[in-house]
Amino acid sequence: MINIPKKWIVIIIGPPGAGKGTQAEMLADDFALFNFETSKVIEEKIKTGDANDPTIKQEKDNFESGKLVTPEVVVGWISEKIRGLASGGVGIVFSGSPRTVYEGEKEMPIFDELYGRENVKVFNLDIGESESVERNSHRHICKANRHPIPNLPEFKDMKICPKDGSELELRSIDNPETIKIRYQTYLEETKPVVDLLDNMGYKVIRVGGNQTIKSVHDEIMGHLTGELGDINEHKVALTCTHP
Ligand code: ADP
């Protein structure tokens, strides 16, 4: 496995089950990127924030009653976390944000400011609805850190996460009916982010998600490393060690 620290912002946008989380985890390992999980940032804020702060209190109520956390507040928390990571010189991979045009409009200028436009790499990983339903119905993730377990025969009988030892689970929202709704939500709310980024002048790289995990990874790596003159001599060694 290579581990080259890079100060990149890598954004992977796609429908549920496209393989965003799987690819993000691999890129985080390869390039020592922080794997940014919006839901974790929200949970952390709610758990550790000052319980007397009215914003925290309100959002804690929203979160615990299953409502969405207010978009402006989420964007504020995300920005705060990004600024902290940027000041520590850490690159980031996102597989769950920006999820809406609102988030895209607020977050992209921050990425440009902190990392430079040339270091913002955007991928649109696409699959159709039936593949989304099929994959998500079999999707196992670990309880502690949501590490995705590749849906491959050799992992079929795996019971604990190889990364942190926690139990594996099938999520309740990964049933066919809910996945179809999530797919529609993607088309309505997240796909427009791709158009937004095109219009903002970002080079959005389209990658077909209907390939093996390794082929998708190789294709993304090809785009990322193709731009790295300084590590081109390592290219031969960049063969994927993941399944
Ligand atoms: P997302 O984060 O886009 O919702 P995940 O990375 O969680 O998607 O992948 C969903 C499921 O599909 C997982 O079980 C994963 O192992 C499987 N998967 C991911 N990429 C591929 C692929 N290229 N081919 C087949 N299955 C895949």
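This is a guided tour of the structure, with something to select at each stop.

The model is predicted, and local features are described only where pLDDT is at least 70, side-chain atom pairs count only at pLDDT 80 or more, and totals for chains, interfaces and linings use all residues. Residues are numbered from 1 along each chain as its sequence is written, and side-chain values use heavy atoms, with hydrogens and water left out.

**The core**

Select Ile11 and Leu197, the residues with the most contacts inside the largest nonpolar core, which has 30 residues. A nonpolar core is here a set of buried Ala, Val, Leu, Ile, Met, Phe, Trp, Tyr and Cys residues joined through side-chain atoms within 4.5 Å, where buried means under 20% relative accessible area, exposed means over 50%, and partly exposed is in between, using a 1.4 Å probe and protein chains only. Among the elements that each supply at least two residues of this core are strand 1 (9-13), helix 4 (71-87) and helix 7 (176-199), and the largest share, seven residues, comes from helix 4. Helices (H or I, at least four residues) and strands (E, at least two) are DSSP runs, numbered from the N terminus. In soluble globular proteins, nonpolar side chains tend to be buried together.

Keep Ile11 selected and show its surroundings: leaving aside neighbours within four places in sequence, Ile11 is in contact (heavy atoms within 4.5 Å) with residues including Phe94, Pro98, Met108 and Val122. Apart from this core lies another, of 20 residues, among them Val93, Phe123, Ile127 and Val216.

**The ligand**

Next, select the ligand together with the 17 residues around it, of which Gly17, Thr22, Arg139, Asn151 and Gln211 come nearest; a residue belongs to such a shell if one of its heavy atoms lies within 4 Å of the molecule. The shell divides into six nonpolar, eight polar and three charged residues, with Ala, Val, Leu, Ile, Met, Phe, Trp, Tyr, Cys and Pro counted as nonpolar, Asp, Glu, Lys and Arg as charged, and the others, Gly among them, as polar. Helix 1 (residues 20-31) gives the largest share of the shell, three residues.

Now look at the distances: a polar side-chain atom of Thr22 lies 2.5 Å from an oxygen atom of the ligand, and a polar side-chain atom of Arg139 lies 2.3 Å from an oxygen atom of the ligand.

Select Gln211, in the loop between strand 8 (204-208) and helix 8 (213-226).

Move on to Pro148, in strand 6 (residues 148-149), which touches Gly21, Thr22, Glu25, His140 and Ile141 if residues up to four places away in sequence are not counted.

**Backbone details**

Most residues other than glycine have a negative phi, and most peptide bonds are trans. Select Ser97 and Pro98, where the peptide bond from Ser97 to Pro98 is cis, with omega near 0°; Pro98 is in the loop between strand 3 and helix 5. Finish with Ala32, in the loop between helix 1 and strand 2 (34-36), whose phi is near 50°, a positive value in a residue other than glycine.

Technical notes. A polar contact is a pair of N or O atoms within 3.5 Å; within protein, one must be able to donate a hydrogen and the other to accept it, and residues adjacent in sequence count only if both atoms are side-chain atoms.
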